[in-house]
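Please examine the sequence and the three-dimensional structure shown below.

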Amino acid sequence: MLKQLDQDIKYLKGVGPVRAEVLKKELGIVTFRDLLYYYPYKYVDRSRIYYICEINGSMPYVQLKGQILSFETVGTGRKTRLVAHFADRTGVVDLVWFQGVKYAQKNYQCRTTYIVFGKPTVFNGRVQIAHPDIDKVEGDNTPLEDMISFDGDMMVPYNLSSAQDSPYGKFVPCYNTTEKMKNCGLNSDGMAKLTEKMLQLLREPLEETLPPYILARNYLISLDDAMRNVHFPESPQMLERAQQRLKFEELFYVQVNILRYARDRIRKFRGIMFNKVGEVFHTFYRQNLPFPLTGAQKRVIKEIREDMRSGRQMNRLLQGDVGSGKTLVALLCSLIAVDNGYQTCIMAPTEILAEQHLETIRGMLHGMNLRVELLTGIVKGKKREALLADLVTGQIHILIGTHAVIEDNVLFSRLGFVIIDEQHRFGVAQRAKLWQKNTVPPHVLVMTATPIPRTLAMTLYGDLDVSVIDELPPGRKPVETVHQYENRRDNLNTFIHQQLRKGRQIYIVYPLIEESEKIDLKNLEDGYEQVCRDFSQYKVGKVHGRLKPAEKDEVMQRFASGETQILVATTVIEVGVNVPNASVMVIENAERFGLSQLHQLRGRVGRGAEQSYCVLVTKFKMSDESRKRIKIMVDSNDGFEIAEMDLKLRGPGDLEGTQQSGMAFDLKIANIARDGQLLMKAREEAQKVIDSDEDESNPANEIIWRRLRELRKSNINWGAIS
Ligand code: ADP
Ligand code: MG
C-alpha cells in the first residue's frame with residue numbers, strides 16, 4: 001500500500017511536473033515525506049511588535065508599527081539612497097533603500113500606518129533598517145501627530161512589556177532555496193505554502209516513529225505535533241519542543257545504527273592476529289628510522305599494536321594535527337603486517353597525495369627489499385595488469401593508491417591492514433568495500449588531520465576507537481599568522497618579494513564555494529593575472545578543481561620541484577601537499593573560509609626549517625563571526641583548540657564540520673556543536689535498546705527496527721554497513 005507520504009511531490013497541488021523536477025534536482029525532494037523533512041533553517045518572530053525605543057543594532061529581525069514622517073534622498077548618482085524617517089510614539093528610526101528607490105518612493109506614503117519588518121543595524125551612530133518588508137495596516141490611519149504630545153515630546157507607552165497586537169501573530173518559517181528554485185516561484189514563502197498545503201492534506205496524524213515508552217521517558221511530543229510545529233509553530237514553546245523531539249529522533253537513529261553495527265562487527269568478525277613484531281620492523285627501526293619517534297607516536301603505535309594482536313578487527317581513528325607525523329606511524333604499523341605475512345593498502349584522497357606517500361615511503365624503506373607500488377586512475381593498460389597480477393600473488397607488500405584501489409578487480413593475496421588517509425573524503429561505504437577484500441576483514445586505521453574533540457568523536461563514530469597524536473616533532477617553528485586588510489596590499493607584496501628573493505615559494509589561495517563558483521573562478525583568474533603582473537620576474541602556476549587530474553598534477557609537480565615559485569590555487573591544495581620550501585601561505589578572502597579549512601591550509605607551510613608565515617587577507621568590513629575566526633587563527637596554532645572553538649562558533653544549520661569529519665550521515669536538524677546534551681541522551685537510549693533487545697524481538701521496539709530499515713534504504717551510507 002502506498003502511504004500518503006510516499007506520494008510523488010508532483011501531485012501536490014501547486015507543484016506540477018516542472019517544479020517537481022526543480023525540487024528533485026536542487027534539493028532531492030521527490031516525495032511528500034521529503035518535503036516534510038525539509039525543515040526551516042530559521043524563523044522570524046512576527047508575533048510581537050517592538051517599540052522603536054526598544055530596538056538596537058544587536059537585535060535580530062524586529063517588527064515595528066508606525067508612520068513615515070518624511071523621505072530624504074541622500075548621495076548622488078549610483079550611490080543614491082532613499083531614507084524614510086519612520087516613527088512610532090517612542091522614537092524615530094531610518095528605513096533605507098539602496099536599490100528599488102523608485103519603487104519605494106511610489107508605494108509608501110507619509111501618514112499611513114505600516115508594519116515594518118527587518119534587521120536593525122547601526123550606521124553612523126543611528127539605528128536603521130535596510131530594505132525592510134512593509135505592509136500597510138488597513139483602517140488604522142490616525143495621524144501620528146495626534147499620538148504625540150503637543151510640545152513634540154515622544155510619549156513612552158505606560159507599559160512597554162505589554163506587546164502590541166501583531167496582524168501576523170506567529171513565527172514565520174524560512175526555508176533555504178536556490179536561484180533555480182526562486183526562478184520558478186519556490187522562494188522561502190513558496191516552500192512554506194507548499195508545506196502548509198501538504199500538512200492540511202494529511203488528515204490522519206503522522207505515523208509515529210518512536211515507541212511510546214521512549215517518548216514518555218524523554219518527555220517528547222508526538223511526531224505529528226512536532227512536524228506541524230516545526231514548520232508552523234503555534235508558539236515559541238511549541239517550536240522548542242518540536243525541535244527537541246525531532247533532534248532527539250535524528251540523533252537516536254544515528255546512534256542505534258552505529259551501535260547495532262558495532263555490536264555485529266564484534267560478534268561476527270574475527271580479527272586477523274598479528275602475533276609478532278618481527279625482523280622487518282626491527283631492521284627498519286634500527287637502520288632506517290629517520291628520526292627518533294615522538295612520545296605521542298610511540299604511544300599510538302603501541303595502541304595499534306594492542307589492537308592488532310587482540311584477535312578482534314581493529315577499527316581505529318588516528319587524529320593528529322597537520323605535520324604531527326602520521327605517515328611514519330602508518331609505515332611502522334604496515335611493517336608489523338609484513339612481519340606477519342600480510343599486505344597493506346594505503347588509500348589517499350588525491351593522486352598527488354598518493355604519489356607523495358609513495359615517494360616518502362619508498363625513500364624511508366630504502367635498502368629493505370620491500371615492494372611498494374602505486375595504483376591510481378592513471379595507471380592503465382599493461383602496467384596495471386602486471387601490477388594487479390603481482391598484487392594477487394602477494395609480491396607487493398604495500399599498495400598505495402586513490403579510490404582506484406577499492407574497485408572490484410583489485411584483489412590481494414592477503415590483505416591484512418588498510419590505512420585511510422585524510423578520512424573526511426571517504427565514507428563508511430568505501431571503508432566497508434575494503435574490508436571485503438579479505439575473508440577475515442583487515443585491520444583499519446583511519447587517519448585525519450581535522451580533529452574533533454575526543455568525546456565527540458567517540459560518540460559520533462561509535463564504531464571507531466580513537467588514538468590521538470598530541471605532540472609535534474621537536475624543532476618545529478610555529479607558523480606566524482598575521483591578518484592583513486586587502487587595502488594594504490603594497491605591504492603584503494613587499495613582504496612576498498622579500499621571501500621570494502630568499503628563495504622561498506608562495507601559495508596564494510582563493511575560496512571556492514559551490515554556489516558562487518563562477519564568481520570565485522573569476523576572482524581566481526583576476527588574482528592570477530594580478531600576481532603575474534606584480535611578480536613578473538617569477539614563474540606562477542595556477543590550479544583549481546576544474547582542471548583534469550593529470551593537469552592538476554602537472555601544475556602541482558612543477559611547484560613541488562621549484563620550477564614555479566608562486567602557486568595560485570583554490571582549496572584543492574587543502575589536503576596534504578608537502579612542499580617544504582614553501583614558506584608563505586596567503587589566503588585571500590579569508591573571511592569566507594571556515595576555521596578548520598584555514599587551519600588545514602596553514603598546515604601546508606611550516607614544513608621546512610625556515611620560519612613560515614600565513615597571511616589572512618580580508619576585506620575591512622567583516623561580520624563579527626569572521627572577525628572572531630581570524631582572531632582565533634592569529635592567536636592559536638593548535639588544531640585541537642581550533643576545532644573546539646570552531647564547534648562553539650558554528651551556528652545551527654552549518655554543516656561544514658560534519659561534512660569534513662566524514663560522518664556517514666547528514667544531520668538535518670540536530671547540531672553536534674549545540675546539541676551535545678541531547679546527543680548523550682539519545683546515545684544512552686540507543687545503547688539501552690541495543691543491549692536489552694539483542695535479537696530484536698521485543699514488540700515494544702518494533703517501530704524502531706522498521707524505521708531503521710527505512711532509513712537505511714534511503715541513505716546509502718547507512719545501508720552499506722551490514
Ligand atoms: P601528517 O601527520 O600531517 O601526515 P607527516 O607524516 O607528513 O604529517 O609528517 C610531517 C613531517 O614531519 C614530515 O616531513 C616527517 O618526515 C616529519 N616527522 C615525522 N615524525 C617525525 C619525528 N618523530 N621527528 C621529526 N620529524 C618527524
Ligand atoms: Mg599526512
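Which element gives the most residues to the lining of the second largest pocket? In this predicted model, that element is α13, which supplies 6 residues. Helix α13 spans 351–364, and it is joined by α12 (326–339), α19 (549–560) and α20 (595–602) as the elements that each give two or more residues to this lining.

The lining as a whole is made up of 45 residues, and the pocket holds about 1,300 Å³ of space. Nearest the centre of the pocket lie Gly323, Gly325, Arg476, Asn578 and Arg607. Sorted by class, the lining comprises 17 nonpolar, 18 polar and 10 charged residues. Two domains take part: domain 2 (279–469) and domain 3 (480–636) each contribute at least three residues to the lining.

Attention may now turn to ligand 1. There are 16 residues around this ligand, and those that come nearest are Gln297, Gly323, Lys326, Thr327 and Arg476.

A nitrogen atom of ligand 1 lies 2.9 Å from one belonging to Pro292. On the oxygen side, a polar backbone atom of Gly325 is 3.1 Å from an oxygen atom of ligand 1, while for Ser324 the corresponding distance to a ligand oxygen atom is 3.4 Å. Taken on its own, ligand 1 has 560 Å² of accessible area, and the protein covers 79% of that area.

Notes
Residues numbered from 1 in each chain as written. Chains lettered and ligands numbered in written order. Predicted model: local features only at pLDDT ≥ 70, side-chain atom pairs only at ≥ 80, totals over all residues. Heavy atoms only, no water. 1 Å grid on protein atoms, 1.4 Å probe; cavity = no way out; pocket = protein on both sides within 12 Å on 5 of 7 lines; lining within 4 Å. Points joined across faces, edges and corners; volume = space filled by probe spheres on them. Helix = DSSP H or I, 4+ residues; strand = E, 2+ residues; numbered from the N terminus. Nonpolar A, V, L, I, M, F, W, Y, C, P; charged D, E, K, R; others polar. Domains from an automatic or database assignment. Near = heavy atom within 4 Å. Polar contact = N/O pair within 3.5 Å; in protein donor to acceptor, adjacent residues only side chain to side chain. Areas by Shrake-Rupley, 256 points an atom, 1.4 Å probe, with all protein chains shown as cover.
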